[in-house]
Amino acid sequence: MLMVPRLEPNILDSLMAVDVKSFTVMVRLYEPMLIRFVRKFIADREEARDIVQETFLRVYKGMKTFDARRPFSTWLFAIAKYCSYEWLRRHRQAGSFSLDDSRQSRPLVLTFADKGFSERRDRAL
């Protein structure tokens, strides 16, 4: 289970006031976890880093809308997930999306648990 750190109340208060020093502390605290999280959606490390940067930019711009009664990490990771989904959607529409996993030497192979799938697909074609 992933242990997500909690921001100290004084740092969270400073973040709410859009304090740059507190924002830097938050970035250092959450960036490694966000990169690992985004890489579950996006295999390319550099693309994942770009998405995490976009996440932090959106957090910075939207910090005043954050509801301090809720966990900060939940809000942060939801933004990261949304940014990842946007990236996937843009790359699918552009036709440049690939299922190749850059961490493997061969492409990702999708299999179906339903044994009759291939037969039904062939009949439909």
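How are helix 2 and helix 3 oriented to each other? The axes of the two helices cross at roughly 140°, and angles over 145 degrees would be needed for the class of roughly antiparallel. Helix 2 and helix 3 are therefore oblique to each other. This report describes that pair and the loop between them in a predicted model.

**Overall architecture**

The protein chain contains five helices and zero strands, and its pattern along the sequence reads α-α-α-α-α. Of the 125 residues in the protein chain, 32% are buried.

**The pairing of helix 2 and helix 3**

Two packed helices are described by the angle between their axes and the distance between the axes. Helix 2 covers residues 20-38, and its axis comes within 10 Å of the axis of helix 3. The crossing in which helix 2 passes helix 3 is right-handed.

**Helix 3**

Helix 3 comprises residues 45-62. With 18 residues at 1.5 Å a residue, helix 3 should span 26 Å, and the 25 Å between its end C-alpha atoms agrees with that expectation. The buried residues of helix 3 are Ala-48, Ile-51, Val-52, Thr-55, Phe-56, Val-59 and Gly-62. Viewed down the helix axis, these buried residues fall within an arc of 145°, so they line one face of helix 3.

At the start of helix 3, Asp-44 places a side-chain oxygen within 3.2 Å of the backbone nitrogen of Glu-46. Arg-45 belongs to helix 3 and is partly exposed, because its relative accessible area of 43% falls between the limits of 20% and 50%.

**The loop between helix 2 and helix 3**

Arg-39 lies in the loop that links helix 2 to helix 3. Its relative accessibility is 12%, so Arg-39 counts as buried. The side chain of Arg-39 reaches the backbone oxygen of Ala-43 at 2.8 Å.

Lys-40 is also located in the loop between helix 2 and helix 3. Here the relative accessibility is 69%, and Lys-40 therefore counts as exposed. The C-alpha atom of Lys-40 is separated by 9.8 Å from that of Lys-81, a residue 41 positions away along the chain.

| Residue | Relative accessibility | Class |
|---|---|---|
| Arg-39 | 12% | buried |
| Lys-40 | 69% | exposed |
| Arg-45 | 43% | partly exposed |

Notes: Residues numbered from 1 in each chain as written. Predicted model: local features only at pLDDT ≥ 70, side-chain atom pairs only at ≥ 80, totals over all residues. Heavy atoms only, no water. Helix = DSSP H or I, 4+ residues; strand = E, 2+ residues; numbered from the N terminus. Expected span 1.5 Å × (residues − 1). Buried < 20%, exposed > 50% of the residue type's maximum accessible area, 1.4 Å probe, protein only. Arc of directions from axis to C-beta. Polar contact = N/O pair within 3.5 Å; in protein donor to acceptor, adjacent residues only side chain to side chain. Axes fitted to C-alpha atoms, helices over the stretch in contact; angles between N-to-C directions. Parallel < 35°, antiparallel > 145°, perpendicular 65-115°, else oblique. Left-handed = near helix turned anticlockwise from the far one by under 90°.
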